[in-house]
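Here's a quick tour of one protein chain, made for someone new to reading structures. Have the picture open while you go through it.

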Amino acid sequence: MTLEGILPVWKPEGFTSHDVVAKVRGILGIKRIGHTGTLDPQVTGVLPLCIGRATRMVEYIQELPKEYEAELRIGLSTDTEDMTGTVLEEVSQVTLDEMKVREVLHSFIGEIEQIPPMFSAVKIDGKRLYELAREGKEVERKSRKVTIHKLDILHMDLKQKHPEIQFRASCSKGTYIRTLCVDIGKALGYPAVMKSLIRTSTGSIRQEQCLTFEQIEQMKVQGLLQAHMIPMDQAISHIPFIELSAGEAVHALQGKKIAMTANRTAHADASQTIFRAYSPDKRFLGLYEWNSASQVLIPAKVFL
């Protein structure tokens, strides 16, 4: 049986996201695999892999909110914004009170602006920022808007020389938690750095669903892996769905436009919205764009 769907992998420390893809390719003997969001080598956590035809869903899963648990250390800064870098600044003593910390962290909830760190994969003039950083260069970066949906403090130790704050953040695609840590420190009046980071979810895919490399290998041998994979349409359950008639389903699989009355897409909230389309027997047919002007569904991703 050909494996297909979303494989929720627990990324170990020391692996890049591309390393994880290469490792799983080796275990499964499948070339068509794509990851759904870069994680730095020192970061562990949820890394869903799209297997087979599910690679066509990568762009939609990448857009999902992510949840992280991070540790922030206040009183020093590094060139990488985490503990792997060279220390740039260190203060001898930090004095903070719990109320101030809670007020500052709460102020970051909502839409904020971030400047991408130099040690990041953002491209400027065709070159990755981390490549420039390794050459000892620093270039101007434009700020970008991201959204912090939730920010909860899990633990605080404010009495030590360099206080530490552990928090959980739910955020939009493109959020740099390292930079969030640095900016929180600035708002508190001190340099700061990210001490550790775990990604605990991507969309609805959570830590407890994830498999280690060893578990993936074992399940493949036992023939149990497909049962543990997430069907591709379930992984994008945030996208609204529409059920087609038998005749419409045939046309949909032929890649034809489908005329549609507006009341069938009443839950669409924009002039053009993506829908998951299903046949009367609940078979997933693909993704289709609703065009309200012409009142047709236009094929975007068809799954024969």
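Predicted model: local features only at pLDDT ≥ 70, side-chain atom pairs only at ≥ 80, totals over all residues.

Residues are numbered from 1 along each chain as its sequence is written, and side-chain values use heavy atoms, with hydrogens and water left out.

**The whole chain**

- The protein chain has nine helices and 18 strands; these are DSSP runs numbered from the N terminus, with helices being H or I of at least four residues and strands being E of at least two.
- Of the 304 residues in the protein chain, 48% count as buried. Buried means under 20% relative accessible area, exposed means over 50%, and partly exposed is in between (1.4 Å probe, protein chains only).
- Take the contacts between residues at least 6 apart in sequence: 67% of them join residues at least 24 apart. A contact means heavy atoms within 4.5 Å.

**The nonpolar cores**

- The largest nonpolar core has 32 residues, and Ile74, Phe167, Ile177 and Leu180 have the most contacts inside it. A nonpolar core is a set of buried Ala, Val, Leu, Ile, Met, Phe, Trp, Tyr and Cys residues joined through side-chain atoms within 4.5 Å.
- The elements giving two or more residues to this core are β4 (66-74), α3 (98-106), β10 (144-157), β11 (164-171), α5 (177-188) and β12 (192-202).
- Helix α5 gives the largest share of this core, five residues.
- Once you set aside neighbours within four places in sequence, Ile74 is in contact with residues including Val94, Leu96, Ile165, Leu188 and Ala192.
- Another core lies apart from this one; it has 21 residues, among them Met232, Ile239, Phe284 and Leu287.

**Strands side by side**

- Strands β4 and β11 pair in the antiparallel sense over eight bridges; two strands pair if DSSP finds at least two bridges between them.
- Along that pairing, Leu72 stands opposite Ile165 in β11, and Glu69 stands opposite Arg168 in β11.
- β10 and β11 also pair in the antiparallel sense, over eight bridges, and a hairpin joins β10 to β11 through six residues. His155 has Gln166 in β11 as its bridge partner.
- β4 is joined to β12 by nine bridges, and these strands run antiparallel. Here Glu71 has Ser196 in β12 as its bridge partner.
- Seven of the nine residues of β4 are buried, so β4 is largely enclosed by the rest of the structure.
- Six of the eight residues of β11 are buried, so β11 is largely enclosed by the rest of the structure too.
- In a regular strand, side chains alternate between the two faces of the sheet.

**Rings that meet**

- There are four aromatic pairs. Rings of Phe, Tyr and Trp (its six-membered ring) pair if their centres lie within 6.5 Å; planes under 30 degrees apart count as stacked, over 60 as edge-to-face, and the rest as tilted.
- Phe241 and Tyr278 make an edge-to-face pair, because their ring centres are 6.3 Å apart and their planes are at 85°.
- Phe241 lies in strand β14 (residues 241-243) and Tyr278 in strand β16 (residues 272-278), so this pair ties together parts that are 37 residues apart in sequence.
- Phe241 counts as partly exposed at 49% relative accessibility, whereas Tyr278 is buried at 10%.
- Tyr278 also pairs with Phe284 in a tilted way, 5.6 Å centre to centre with 50° between the planes. Both Tyr278 and Phe284 are buried.
- Ring pairs link Phe241, Tyr278, Phe284 and Phe303 into a cluster.
- The charged end of Arg56 sits over the ring of Phe303, 4.8 Å from its centre. That label needs NZ of Lys or CZ of Arg within 6 Å of the ring centre and within 35 degrees of the ring normal.

**The end of the chain**

- Where is Leu304 found? Leu304 is in the segment after β18 (296-302).
- Leu304 is exposed, with a relative accessible area of 68%.
- Not counting residues up to four places away in sequence, Leu304 touches Arg53, Leu253 and Arg283.
- The C-alpha atoms of Leu304 and Leu253 are separated by 6.0 Å, though these residues are 51 residues apart along the chain.
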